[in-house]
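Biologist: Please pick one part of this model and go through it closely, contact by contact. I would like the surroundings described as well as the contacts.

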Amino acid sequence: MSIADNLKNIQSTIIDGVTLVAVSKTKPNEYIQDAYDAGQRIFGENRPQELRDKYDALPKDIEWHFIGHPQSKQVKYFAPFVSLIHGVDSLKLLQVINKEALRNNRIINCLLEFHIAEESSKFGLNLSESKDILNDPEFKLLSNISICGVMGMATYTDDSNQIRREFNSLKLIFDNLKSEFFTNVSDFKEISMGMSSDYQIAIEEGSTMVRIGSSIFGSRL
Ligand SMILES: *Cc1c(COP(=O)(O)O)cnc(C)c1O
């Protein structure tokens, strides 16, 4: 199967209104160009410098998403062009991103990352931590950040009920924050959840954005 075939298969299983982020981390530029030639325009990367290099080398109408956890001093690599940062889980990181956004005279879109997996190894906030951030006077000073929604990763397991439960918990978090903080904020609309192994469940549970790598580009060794 070619990358173009893989993309077509996945697109055919994704309902209208769900955005596909093609996760190209570790994959060479030729693979990304193949996906681009097949019509894909949104790509996700998780290493700042690798993202920068790919941005420089590839077509300029690609929308690049950062899906990892940058160190503060790495934000500058993608701040000039990144269109969405998925993995934001602290006020400190938001402050760094805001500073780089100001420096580049732009607004940077961010998703708050939540810890929804029952396993303990993943990053992310819980609901009350996120409210602490959103209520913090320091947060209200961040003029160049737009919070566009939430992101989370389910446990890597065969237990589809568990995965469903975890995705549902992120949907509930989204609804809760929407009604308490973002009722009139149309930009707060994304629920980024679902990867190659679990994106169909994620969509059933309300995902608006799936991040799919290996099912498009092959496994990462
Ligand atoms: C690598 C990665 C993905 C894609 O994973 P696949 O299983 O290859 O689809 C999605 N989201 C995040 C945050 C990732 O790091």
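**The ligand site**

Modeller: In this predicted model, the side chain of R211 places an N or O atom 2.9 Å from a nitrogen atom of the ligand, a polar contact (a pair of N or O atoms within 3.5 Å). The backbone contributes too: a polar backbone atom of G213 is 2.8 Å from an oxygen atom of the ligand, and S214 has a backbone N or O atom 2.8 Å from a ligand oxygen. On its own the ligand has 380 Å² of accessible area, of which the protein covers 90% (Shrake-Rupley method, 1.4 Å probe).

The residues around the ligand (a heavy atom within 4 Å) are V23, K25, I67, M151, M153, M195, S196, R211, I212, G213, S214 and R220. By class, this shell has 6 nonpolar, 3 polar and 3 charged residues. V23, I67, M151, M153, M195 and I212 count as nonpolar.

The ligand takes up the space of the largest pocket, an open set of points on a 1 Å grid with protein on both sides within 12 Å along at least five of seven lines.

Residues are numbered from 1 along each chain as its sequence is written. Local features need pLDDT of at least 70, side-chain atom pairs count only at pLDDT 80 or more, totals for chains, interfaces and linings use all residues, and side-chain values use heavy atoms, without hydrogens and water.

Technical notes. Polar contact = N/O pair within 3.5 Å; in protein donor to acceptor, adjacent residues only side chain to side chain. 1 Å grid on protein atoms, 1.4 Å probe; cavity = no way out; pocket = protein on both sides within 12 Å on 5 of 7 lines; lining within 4 Å. Sits in = over half its atoms within 2 Å of the grid points.
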